Structures are given as structure tokens and as C-alpha cells.
Amino acid sequence: MHLLVLDVGNTRLKWGVYAQAEPGAALLAGGAMALEDVGQLRHVLSAQPRPEKVMGCAVAGAVVTARVCAELDALGLRCNWISALAEQCGVRNSYATPSLLGADRWAAQLGARQRLPHQAAMIISVGTAVTVDCLSHEGVFIGGIILPGFGLMLKALEMGTAGLRVPEGEIVAFPTNTSDALMTGGALAIAGAARQMHARLLAREPQGVCVLLTGGAAPKLRDALGLPHQHVEHLVFEGLLCIAAQQARSHQRT
């Protein structure tokens, strides 16, 4: 049973077609598009293997989600949109109101737990916003932080200062131009927040913490992070696979 997974973020829609609704299934095809190009989704998907099921998470708001649903409807597909639960796929949610945790953050944690079933983990997702979420070795989401991503930091500086509209720079040890100074400053700000959260989690989990780095802008942070880590490109998709598999098993039992 082919499974289509969708991750509708703040700036991009990511999609993937898997051979089956099981963790570890082969990714047959995948891609991404800007939200303003969502009207092309039906044409993109019509050229891919047809899925029997669609599973997705969306944080872009009702209007964008409705546009995505319309594109799927044109193909005769209906998406099962997930939301965070109190407990699912071996993870317990400590958010004060579990359903208010972002669906993409929840899916990423489920994917992390599937990869690391007996280890504490810290998931750093680098996109429009950056999230740093902490999982105990027992599988409890104990909390996390949200901070601006690279683009939002640069926009804030452009709005609040004069003369900082410059090309994107590089991350270097000692920046000697404004572009590199902005990019390096943003990377070190994100890395510093991540390292502080890692220290807090390690104090709680002295047996060790595995760091997973994901998200579209993750490559920008890899060299500046300063922590041993694994780069996982499709962690949200892996969580959606876990949910789809759990639902399939539930249906079989009934």
C-alpha cells in the first residue's frame, strides 16, 4: 500500500511517496515546493505512484491547508491530517495542552523515538522557525523551545537597522564582512540555544543524549552546532509512517 505523506510548513510543502505504511519503508519519490506554488501539487503528484492513503501534518494555517485539500480532491485523494495527542507510538506528551503542540514537532518526535527506542533524544528542527525538543529515555516529551530561524533573524535586523540588506553570507570563524557576520551570528545564536538545552537534558539524562538535526535549513547549522549529531532529512515523514502503521494495525484488529 503506497503512502503519500505531506508536511505543510510555514514556507514550503514537502511530500514523499513511500512503498508502504511501515517504518523503514522505501521512499519512492519526494520533493518540496513553496506554498505559493501549491496549485501545482496535483500535477506533480499525478506523475508519481498513486497512493492508497495520505497522511499529513500542517502548520501553515486553514487557508493553505484548504488549498492543499483541493489539490488532493482533484486526484481523488483525501488526507488524514494529524494533531498531537497525549500519547502515541511510544511517546507521551507533557505539553500543558497536548493538542496545541505543533503537529510537525509531534511527528518528528515520533520519528525520533522509532529510531532511538531506548535513548534520550534532542530534536533540532531548522526551518522558518527553529524548535529544540527533548525526549527522555522513557519516551516522554519533557518540553522544548522555539526561536526564529535564519530568515526571520535576518528580516528582523533588516527592519530594525539601516544598511543591512546584503546578500546571504557564509558561516566563518571570524567574519570580516556584513553578510558573513549576519549568517555567523544567526548560526551561533541558534547553536548556543541548542547547546544550553542539551546541557539541561544531559543533566536529567546522564546516560547520554542523542542529537538529531532535521529541517530544510539544517545544513546551515551543522558546522556551527558544536554537538555530535545525526542529520536526518525526513524525520517528520518517519513519524507520519509510524502513525500510519499504528492506524493500519488498529484497523486490522477491528
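In helix α3, residues D104, A107, A108, L110, G111, A112, Q114 and R115 meet L235, V236, E238, G239, L240, C242 and I243 of helix α7. Classified by residue type, this contact of α3 with α7 comprises nine nonpolar, three polar and three charged residues. The model is predicted. Helix α7 also packs on a sheet, which is open and built from five strands.

**Helix pair**

- Helix α3 spans residues 103-115, and its axis comes within 7 Å of that of α7.
- The two axes cross at roughly 80°; because angles of 65 to 115 degrees count as roughly perpendicular, α3 and α7 are roughly perpendicular to each other.

**Sheet architecture**

- The strand order is β3-β2-β1-β4-β5, with mixed pairing.
- Strands β3 (27-34) and β5 (79-81) form the edges, each pairing on one side only.
- On average, neighbouring strands of this sheet are turned by 20° against each other, direction ignored.

**Pairing of β1 with β4**

- Strand β1, residues 3-8, pairs with strand β4, residues 53-58, in the parallel sense.

- Helix α7 covers residues 235-253 and touches β1, β2 (12-18), β4 and β5.
- The direction of α7 makes about 130° with that of β4; this angle counts as oblique, because only values over 145 degrees count as roughly antiparallel and 65 to 115 as roughly perpendicular.

Definitions and conventions. Residues are numbered from 1 along each chain as its sequence is written. This is a predicted model: local features need pLDDT of at least 70, side-chain atom pairs count only at pLDDT 80 or more; totals for chains, interfaces and linings use all residues. Side-chain values use heavy atoms; hydrogens and water are left out. Two strands pair if DSSP finds at least two bridges between them. Helices (H or I, at least four residues) and strands (E, at least two) are DSSP runs, numbered from the N terminus. Axes are lines fitted to C-alpha atoms, for helices over the stretch in contact, and angles run from 0 to 180 degrees between N-to-C directions. Contact means heavy atoms within 4.5 Å. Angles under 35 degrees count as roughly parallel, over 145 as roughly antiparallel, 65 to 115 as roughly perpendicular and the rest as oblique. Ala, Val, Leu, Ile, Met, Phe, Trp, Tyr, Cys and Pro count as nonpolar, Asp, Glu, Lys and Arg as charged, and the others, Gly among them, as polar.
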